Amino acid sequence: LLVLLVTVLPGRSRRTAKPAPADSRAEPIHTVFLPLIAVPPPPRILIAAAHIDSATSGEPDEAIMLWNVGSTAQALAGWRITSGSRTATVPLTSTLQIGAGQRLWCTAQAVAFRTTSPDEPGCEWALDSDPTVENLQGKLGFTNSGGFIKLANASGEVVDTLLYGNETLPQAGWTGAAAQIYTRGGTSANGQIWQRKLHPQSWLPIDSDQASDWAGDLNDLLW
């Protein structure tokens, strides 16, 4: 809690202001303390990683990771993920949320995801493979060669976008050419996870809504 110190001087009308008589007493100066409430920054959710071209047959472990880089929790009821013409929505009755600084994986099938990742999924969209994991309404499918993944909040506002591969159509939330998969050293796209670069001081995802945010940026000599 911060306190704003305000000193209030006695007021006189400019229109009637006159010199004070010699025997008049000075009016008191009043000090008023007004509280200032420091409000924490709002939550901010990013698409921080994406498993698009799975090495598993049928790609049941396709997934994206959401990262709350804000300082307060974000409820996800009504939020939706869109890829191409398909959309998966978190049910309005859901209590799913991402805490401040926390990450959440959402996948096609939770059981399959656990076979290729050490992380625990928070939601799934293809089928109810695990009744303990939140089911989204609608199904997704990522095009391996290129496309977009778009995250929108419960009001329908685009929060973050990943444009990737050979996709050339502009999308809200993205600027410039599409991000590319990491290919240095002959690395295969199959089974590779798209991921954002992390800021070297904060270790938070870099976010400027363009391809240079992602690790496949070969123009960045550090990568």
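The accessible surface of the protein chain comes to about 13,000 Å². Carbon and sulfur atoms hold 55% of this area. Areas follow the Shrake-Rupley method with a 1.4 Å probe, and for residues only the protein chains shown count as cover. The model is predicted: local features need pLDDT of at least 70, side-chain atom pairs count only at pLDDT 80 or more, and totals for chains, interfaces and linings use all residues. Residues are numbered from 1 along each chain as its sequence is written, and side-chain values use heavy atoms, without hydrogens and water.

The protein chain has 223 residues, and 39% of them count as buried. Buried means under 20% relative accessible area, exposed over 50%, and partly exposed in between (1.4 Å probe, protein chains only).

Three aromatic pairs were found in the whole structure. Rings of Phe, Tyr and Trp (its six-membered ring) pair if their centres lie within 6.5 Å; planes under 30 degrees apart are stacked, over 60 edge-to-face, and the rest tilted. The ring centres of Trp105 and Phe113 lie 5.4 Å apart, with planes at 45°, so this pair is tilted. Trp105 and Phe113 are both buried. The rings of Tyr164 and Trp194 have centres 5.5 Å apart and planes at 65°, so they pair edge-to-face. Tyr164 sits in strand 13 (residues 158-165) and Trp194 in strand 14, so the pair ties together parts 30 residues apart in sequence. Tyr164 is buried at 0% relative accessibility. Trp194 is buried at 8%.

On a 1 Å grid over the protein atoms alone, a cavity is a set of points where a 1.4 Å probe fits but cannot get out; a pocket is an open set with protein on both sides within 12 Å along at least five of seven lines; lining residues have an atom within 4 Å of a point. The largest pocket holds about 160 Å³. It is lined by 11 residues, and the closest to its centre are Ala48, Ala49, Met65, Gln195 and Arg196. Strand 3 (45-51), strand 4 (63-68), strand 9 (103-107) and strand 14 (193-195) each give two or more residues to this lining.

There is one cavity of 30 Å³ or more. The largest cavity holds about 50 Å³. Its lining includes Leu66, Trp79, Arg80, Cys106 and Leu151.

Definitions and conventions
Points joined across faces, edges and corners; volume = space filled by probe spheres on them. Helix = DSSP H or I, 4+ residues; strand = E, 2+ residues; numbered from the N terminus.
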